[in-house]
Amino acid sequence: MSKVLMKGNEAIAEAAIRAGCLNYFAYPITPQSEVAEYLSWRLPEVNGVFLQGESEVAVGYMIFGAAGAGVRVFTTSSSPGISLMSEAISYLCGAQLPAVFVNIMRGGPGLGGILPSQADYFQATKGIGHGDCRLLVMAPASVQEAVEMVMTAFPLAEKYRNPVMILGDGLIGQMMEPVSFPDQLKTEPSNKDDWASNGMDHRKRDKRNLVRSLFLDPEQLNNNNLALRAKYERMKQEEVRFEAYNTQGDYSVLMVSYGTMSRVCKTAADMLKAEGIEVGLIRPQTLFPYPEMAVREAARKSSCRAVLSIEMSMGQMVEDVERSVQGARPVQWYGKCGGDVPTPEEIIDLVKRTLSPM
Amino acid sequence: MAKTFQRPRAMFEAHTHYCPGCTHGIIHRLVAETIDELEIRGRTVGIAPVGCAVMAYNYIDCDFQEAAHGRAPAMATGIKRVRPDLVVFTYQGDGDLASIGMGEIVHAANRGEKFTTIFVNNAIYGMTGGQMAPTTMPNQRTTTSPFGRKTEEVGMPIRVAELLASLVTPGYITRQTVIGPKYVQKAKRAIRQAFQYQLEKRCFSLVEVVSTCPTNWGMTPQEAIHWAEEVLLPYYPLGDLKTPHDQSKEKPCKVK
């Protein structure tokens with residue numbers, strides 16, 4: 001398979017088409033507008049649907065309508081836009097509809113900035129909308145991985161009938177890297193006749209389908225929430241993904257980092273190795289479900305003295321790291337969240353300071 | 001002997017939860033009759049709003065989606081764009097469409113989305129208990145305007161049909177009512193026409209239906225009908241504001 005040099009945002013757009021998703025609704029926002037620009041000419045080529053909505057609020061519900069009608073559909077946005085879509089995401093979870101959301105994160109809060117950030121970790125993994133709703137969240141660290149995650153996101157969304165989010169920082173969307181696309185249409189969209197409001201004419205049984213999230217009866221609502229919880233628990237059993245780097249032998253510090261930040265951490269680990277300092281890295285590829293066991297076991301290695309959560313936010317993932325480590329080792333946060341990505345030298349300094357005697 | 005009047009197939013045999021004197025039941029029936037007559041039940045998707053009609057799907061028997069407050073036009077857009085073969089209608093009240101959902105209806109109408117909106121205007125929020133709506137009349141008392149709507153503070157009521165008819169694109173915008181038998185017949189024709197235009201993939205269509213809410217107006221059903229006739233209809237005049245035939249009047253824009 002030949003490689004092409006592509007900008008992350010354009011590769012994400014192409015990956016969705018290769019995944020059999022020909023329906024896209026979006027609203028422009030930096031730093032991910034290239035997805036919409038690319039799809040505005042690419043989707044008509046494949047007889048797909050492209051529509052620029054009037055707001056992220058409306059786009060969220062165009063996604064809802066299309067997902068409810070039983071087609072593969074996705075959107076892309078960036079942090080403030082995702083906040084506006086979060087209402088619809090809660091409704092999608094409540095009505096158990098599959099859809100894919102890509103968040104190419106920029107700095108916040110408020111308008112924040114337009115440079116890379118990882119400050120939507122809490123929003124994506126813990127507080128995406130009102131009510132007991134969760135997303136399956138995947139975090140790519142390269143353009144190639146973004147492509148692969150987009151392609152797996154659609155079948156996963158259908159497997160769970162739940163929205164899936166690709167959480168990338170601005171750099172994943174903006175940088176160009178060589179990328180090869182997996183074979184086209186690995187997964188055919190599943191049959192949705194049991195639940196989709198796609199017209200009852202063609203169905204085998206003469207019964208209409210309702211797509212809804214309102215359950216006024218307390219028992220019914222509780223049952224719906226129990227069904228959702230069962231799905232989230234199943235995700236924890238079946239969908240955890242992570243990469244372990246330099247964790248085979250002994251190491252004195254364990255770093256936990258994801259996305260673009262984890263690549264800087266890898267470089268720092270290689271540079272430290274040359275100086276004779278061994279540092280391990282766990283890179284969560286799914287943020288929900290979180291690789292708790294992997295972080296716990298790596299932290300408990302007898303040679304490991306401390307755990308560092310390194311992120312482009314003011315200390316969000318560190319709470320999941322602490323939860324995973326369960327007090328077995330000291331856990332420390334390090335991060336920046338203005339748009340600059342911490343350098344390998346900063347990480348090396350941090351590791352050395354962590355190891356220096358008090 | 002042939003039956004001349006019966007329950008439409010597209011309606012469940014059910015008691016509604018609507019109050020005495022409420023006109024939702026009549027409007028539901030007109031929609032259901034239209035679905036029957038056009039033989040489209042098997043490819044129709046309705047969108048229920050937030051408001052008294054949130055459970056419209058308990059009465060109208062076809063596929064349904066349930067919207068968030070005001071978002072029905074965006075959902076209808078999503079369905080219709082990916083499945084143009086389906087017949088899609090939104091059923092929305094005035095709080096839903098004219099307040100929280102004004103952005104969605106304006107843009108869906110302006111894109112010329114090929115779905116149909118049944119807009120039930122009773123000048124008040126019904127389900128939440130009679131609060132002021134953008135369509136509430138001057139000096140009309142509601143639970144959030146206990147001294148009457150003060151237009152110097154919140155402006156005059158919005159005429160949705162006129163507002164949408166000011167856009168170039170939307171094809172069929174009409175205002176009807178169902179507060180008397182003579183009106184019901186006309187409203188039925190308008191609703192059927194709106195669906196017909198959709199079937200012809202012709203234009204966006206919206207039927208505003210001036211309606212009553214005796215419970216929240218604090219009136220008997222009889223008084224409510226009189227009040228609607230005397231106060232609402234002069235401000236919300238009935239008739240077609242726009243039909244697809246008008247559209248040829250618009251001069252084409254020059255493009256470099």
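Two residues are said to be in contact if their C-beta atoms, placed from the backbone, lie within 7 Å. With this rule in hand, the reader may approach the structure above, which is a predicted model. Chain B and chain A touch each other, and the contact takes 26 residues from chain B and 32 residues from chain A. On chain B, the elements that give two or more residues to the side touching chain A are β2 (63-66), α2 (72-82) and α4 (102-111). Helix α2(B) gives the most to this side, with 8 residues. By class, the residues on the side of chain B that touches chain A divide into 12 nonpolar, 6 polar and 8 charged.

The two chains are also joined through strands. Strands of a sheet pair through backbone hydrogen bonds, either parallel or antiparallel. Here strand β9 (residues 210-211) of chain A is joined to β2(B) by 2 bridges, and these two strands run parallel. Within β2(B), B:Phe64 is the residue that stands opposite A:Leu210.

Chain A itself is divided into two parts: domain 1 (4-200 + 219-238) and domain 2 (242-355). Taken over C-alpha atoms, the centres of domain 1 and domain 2 of chain A are separated by 27 Å. Their contact takes 26 residues from domain 1 of chain A and 22 residues from domain 2 of chain A. On the side of domain 1 of chain A that touches domain 2 of chain A, at least two residues each are supplied by α5 (121-125), β6 (136-138), β7 (164-169), α7 (170-174) and α8 (218-238) of chain A. The largest share of that side, 4 residues, comes from α5(A).

Attention now turns to a sheet of chain A. This open sheet of 5 strands has the order β10-β12-β11-β14-β15, with mixed pairing. Because β10 (242-245) and β15 (331-335) of chain A stand at the edges and each has a single partner strand, one side of each is left without a neighbour in the sheet. On average, neighbouring strands of this sheet are turned by 20° against each other, direction ignored. Strands β11 (residues 253-256) and β12 (residues 279-284) of chain A pair in the parallel sense over 4 bridges, and A:Leu254 stands opposite A:Gly280 in β12(A).

Two helices pack on this sheet. Helix α10 (residues 292-299) of chain A touches β10, β11, β12 and β14 (306-311) of chain A, and the direction of α10 makes about 170° with that of β12(A). Helix α11 (residues 317-325) of chain A touches β11, β14 and β15 of chain A, with a direction at about 155° to that of β14(A).

B:Met137 lies in the loop between β4 (116-121) and α5 (151-154) of chain B. B:Met137 counts as buried because it has 20 C-beta neighbours inside 10 Å. Leaving aside neighbours within four places in sequence, B:Met137 is in contact with residues including B:Ala123, B:Arg149 and B:Tyr235. The C-alpha atoms of B:Met137 and B:Arg149 are separated by 6.7 Å, although 12 residues apart along the chain.

Note on methods. Residues numbered from 1 in each chain as written. Chains lettered and ligands numbered in written order. Predicted model: local features only at pLDDT ≥ 70, side-chain atom pairs only at ≥ 80, totals over all residues. Buried ≥ 20, exposed ≤ 12 C-beta atoms within 10 Å, placed from the backbone. Nonpolar A, V, L, I, M, F, W, Y, C, P; charged D, E, K, R; others polar. Pairing = 2+ DSSP bridges. Domains from an automatic or database assignment. Axes fitted to C-alpha atoms, helices over the stretch in contact; angles between N-to-C directions.
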